[in-house]
Structures are given as C-alpha cells and as structure tokens.
Amino acid sequence: MISSPDAIHPVDDGDLPTRTFGPPAGVVIGTLVAGFVFVVVLEFLVLISFVGQRLWNHPDMLRDVVFTAPLLIWVLVATLAAIVCLRTLTAWLQIDAEGFELRSLARRTRRARWDEVGRVIAVRDIDRGATPAEMLDATETAYDGVYVMDSSGRRVLAVSSRFFGPRAQEMTLHRAREAGVRIDHIDAITTADLLAQAPQALSVVDRHPNLLLLALAAFYVFHNVLTFAVWGL
C-alpha cells in the first residue's frame, strides 16, 4: 500500500458553476446486455417451457402455488433487472462548489454539502483478486474508486470511473480541494486494508463480489431445476 498527500490535479471546469455526469455509452450498452442475459438467456428454459407448452392455458396456472412458482420467480427476476437497469441508465451526478447530488429512478437521492464531508479517499488501484471487475480495465488516469465520507466515517458517495468516467472523479477531487476537504490519495491497497482504514467505504458487493456471483449462479441453477421438475419439457 502506498499513500501520498493530496496533490493538485488541475481541472478545466470552464465557466459552468455546475457539472453533471451520467453513465457513458459503454455502461449503457453493458447494462442493457446484462439485463437481457439475466432475464432471457439465463431463464431460457423457463421461457421455452412456458411458451412451448402454452402453460397460460393450464388449469393449475395461477391457482397452484408450486406449479406457478417458476413463472412468479421469473417475474421477480424481470422486475429486479428492470429496477437495476433504471437505476444505472438514469443516474446522473451533479457537482458544484456547494456540494453534490446523485439522482436516478428507483434510487433514493443522495446529496451533501462539502462542509458536511469529513474526507475523500481516492484509490488508484484496489486489489480485489481475480474478479470480473478486474477485467474491466479503466483508463490509466482513472482512480479505481473515489469515496466521499462524512465526518462519522460513513460513505455518502462513491464515484466510479467505470460508471461516471474519470472526469467525474477529477471534478469531485477538484471541488473537494477547493472546499478544503481532506483528500487521502492511495496508489495501491487491498480490499482488507481499505476496510481496516475506512470500514464503510466499500459496499457489501464491493467486499464480496465472488460470493455474489456464486449466489447468482446457485439461484439460476435452482430456478431452472425447479422449472424442469414442475413443468418438465
């Protein structure tokens, strides 16, 4: 782990007092593809069984809980996928000299003034081990994560270069520096060490990405096995 004091990174913010950042095109396309995979590709057995057997005409559909369970679970998956897609695609981050605001559909608005911020942690590289996130290479100028913490050490904002771009990270640091907020620059750190320094900086997903993937895989295996057992082919 290598930590360094705050350094000046000039940002040309033009004459605009406020800058707004949204997900780049790559994130939009990736989100739509991921939604299609989760709702259609991984649920192909459920869909082909339902359509191929015309189960909407089956007398037990919507009357028998067990028989209807595969369809109900698919509806739940589709709903959750739609919510996640909406949260990602409609997200916008607004940063100015007073503070910041993060908005999107299906998400509680987060806003704070710079005088409410305790410190900002800018990490260039977080060693998470072999995870899918490591395969999404960010630009060389981007930080792996910029975490805005309140005075009690609770995370109020995480600015990801993958979801908002490196310009959003630089603007966050620029405005925080102007407001006199303490900024901790870290070149490289492991997840465990970052949790030791700032326990609330990382979300549950950030802490256990592989566990989340295993849980998702187990869920889809269970759902397809249940579908085969209840509906057959």
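Visitor: What kind of model is it, and how are the residues numbered?

Guide: It is a predicted model, where local features need pLDDT of at least 70 and side-chain atom pairs count only at pLDDT 80 or more, while totals for chains, interfaces and linings use all residues. Residues are numbered from 1 along each chain as its sequence is written, and side-chain values use heavy atoms, with hydrogens and water left out.

Visitor: OK. How many helices and strands does the chain have?

Guide: The protein chain has 8 helices and 9 strands. Both are DSSP runs numbered from the N terminus: helices are H or I with at least four residues, strands are E with at least two.

Visitor: And how much of the chain is buried?

Guide: Of its 233 residues, 39% count as buried. Buried means under 20% relative accessible area, exposed means over 50%, and partly exposed is in between, with a 1.4 Å probe and protein chains only.

Visitor: What share of the contacts links residues 24 or more positions apart?

Guide: Among contacts with a separation of 6 or more, such pairs account for 68%. A contact here means heavy atoms within 4.5 Å.

Visitor: Let's pick a helix. Which residues of H2 are buried?

Guide: H2 covers residues 44-52, and Val 46, Ser 49 and Phe 50 are buried in it. They sit on the same side of H2 because they cover an arc of only 95° around the axis. That arc is taken from the directions from the helix axis to the C-beta atoms.

Visitor: What do those buried residues pack against?

Guide: They pack against helix H3 (65-89) and helix H8 (209-231). The face of H2 turned away from the buried side carries exposed residues, namely Phe 44, Val 51 and Gly 52.

Visitor: What comes after H2?

Guide: Arg 54 follows H2, in the loop between H2 and H3. Arg 54 has a positive phi of about 50° although it is not a glycine. At 55% relative accessibility, Arg 54 counts as exposed.

Visitor: New topic. How many residues are in the largest nonpolar core?

Guide: That core has 24 residues, and Phe 100 and Val 120 have the most contacts inside it. A nonpolar core is a set of buried Ala, Val, Leu, Ile, Met, Phe, Trp, Tyr and Cys residues joined through side-chain atoms within 4.5 Å.

Visitor: Which elements give two or more residues to it?

Guide: They are strands S3 (92-96), S4 (99-103), S6 (117-127), S7 (145-150) and S8 (155-159), plus helix H5 (166-178). H5 gives the most, with 4 residues. Apart from this core lies another, of 11 residues, among them Tyr 147 and Leu 202.

Visitor: Where is Leu 202?

Guide: Leu 202 lies in the loop between helix H6 (191-197) and helix H7 (204-207), and is buried at 4% relative accessibility. Beyond its neighbours within four places in sequence, Leu 202 is in contact with several residues, including Tyr 147, Arg 155 and Leu 194.

Visitor: Last one. How much space lies in the second largest pocket?

Guide: About 240 Å³. Of the 13 residues lining that pocket, the closest to its centre are Arg 108, Arg 110, Arg 154, Arg 155 and Val 156. On a 1 Å grid over the protein atoms alone, a pocket is an open set of points where a 1.4 Å probe fits, with protein on both sides within 12 Å along at least five of seven lines, and lining residues have an atom within 4 Å of a point.

Visitor: Which strand supplies the largest share of the lining?

Guide: S5 does, with 3 residues.

Conventions:
Points joined across faces, edges and corners; volume = space filled by probe spheres on them.
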